Amino acid sequence: MKISFLRHDKEQAFKLLYEEYYAPFCLYAKRFIEDKETREDIVSDVFTSLWDKIETFEVDSDTTLGYIKMCVKNSCLNFLKHQEYEWNYAEIIRKKTPVYETESDSVYTLDELYRMLYETLNKLPDNYRTVFIESFFKGKTHAEIAEELNLSVKSVNRYKQRTLELLRNELKDYLPLLLLFIASGRA
């Protein structure tokens, strides 16, 4: 069946193209993907994309069929690549030993969490540590801390950001819980 967008109204030509080639392209997609619904969704998405471009699409049917075939193939491969990424991620998460299995006390003991926090804070220069304590434990504003320590507000902000960066690196498995306790005033 030869379809030309020049001889027919574009909508009619698209309808003929869809009716004639939807099922064959679903079968073509089976070369890549077993799941019937996924194949149908991919082919439908390709036709939808073509429909969105119908006003600017002025090619003969041979070129159109080649274009659709390429789009179906690429969409199938992209789907498979994304699916592989999801499987790999799930496998990594499955294999990762939870923190509570290797360091069970530190997860359940608040005192242990605070000890780890203070050990990490002690690695910092005095100004960094002071800014963190004044901000998070005492709830002071950047302006108040800057005035007390004779620093600029930008310096206070920078010290705080660098301290949080260190904490994120050193205590990545515990930081959300620690910040929750600090924010709730349980410190």
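Tutor: From the N terminus on, the elements run α-α-α-α-α-α-α-α-α-α, which gives 10 helices and zero strands. Helices (H or I, at least four residues) and strands (E, at least two) are DSSP runs, numbered from the N terminus. This is a predicted model, in which local features need pLDDT of at least 70 and side-chain atom pairs count only at pLDDT 80 or more, while totals for chains, interfaces and linings use all residues. Residues are numbered from 1 along each chain as its sequence is written, and side-chain values use heavy atoms, with hydrogens and water left out.

Student: Why is the pair of Tyr21 and Phe25 called tilted?

Tutor: A pair of aromatic rings is described by the distance of the centres and the angle of the planes. Rings of Phe, Tyr and Trp (its six-membered ring) pair if their centres lie within 6.5 Å; planes under 30 degrees apart count as stacked, over 60 as edge-to-face and the rest as tilted. For Tyr21 and Phe25 the centres are 6.3 Å apart and the planes stand at 50°, so the pair is tilted. Tyr21 and Phe25 are four residues apart in helix 1 (residues 10-29), and therefore separated by about one helical turn. A search of the whole structure finds nine aromatic pairs. Ring pairs also join Tyr21 and Phe25 to Phe14, Tyr18, Tyr22, Phe47 and Trp51 in a cluster.

Student: How do you know that Tyr21 is buried or exposed?

Tutor: Buried means under 20% relative accessible area, exposed over 50%, and partly exposed in between (1.4 Å probe, protein chains only). Tyr21 has a relative accessible area of 17%, so Tyr21 is buried. Phe25, at 7%, is buried as well.

Student: What makes the pair of Tyr128 and Tyr159 stacked?

Tutor: The ring centres of Tyr128 and Tyr159 are 4.3 Å apart and their planes meet at 20°, so the pair is stacked. This pair links distant parts of the chain, with Tyr128 in helix 7 (residues 126-137) and Tyr159 in helix 9 (residues 153-170), 31 residues apart. Both Tyr128 and Tyr159 are buried.

Student: How do you know that the span of helix 7 is close to the expected one?

Tutor: The expected span of a helix is 1.5 Å times one less than its number of residues. Helix 7 has 12 residues and reaches 16 Å from its first C-alpha to its last, close to the 16 Å expected. Buried residues in helix 7 include Arg129 and Glu134. After helix 7 comes Gly139, with a positive phi near 70°.

Student: Which residues does Thr163 contact?

Tutor: Contact means heavy atoms within 4.5 Å. Neighbours within four places in sequence aside, Thr163 is in contact with Leu121, Leu124, Tyr128 and Phe132. Thr163 lies in helix 9 and has a relative accessible area of 0%, so Thr163 is buried.

Student: What makes a set of residues a nonpolar core?

Tutor: A nonpolar core is a set of buried Ala, Val, Leu, Ile, Met, Phe, Trp, Tyr and Cys residues joined through side-chain atoms within 4.5 Å. The largest one has 20 residues, and those with the most contacts inside it are Leu17, Phe25, Val43, Phe47, Ile68 and Val72. Helix 1, helix 2 (36-52) and helix 3 (61-95) each give two or more residues to this core, with the largest share, eight residues, coming from helix 1. Val72, leaving aside neighbours within four places in sequence, is in contact with Phe25, Tyr28, Ala29, Ile42, Val43 and Val46. A second, separate core of 15 residues includes Leu121, Val131, Ile145 and Leu164.

Student: Why is Asn150 called exposed?

Tutor: Asn150 has a relative accessible area of 72%, so Asn150 is exposed. Asn150 is placed in the loop between helix 8 (142-149) and helix 9. Phi of Asn150 is near 60°, a positive value in a residue other than glycine.
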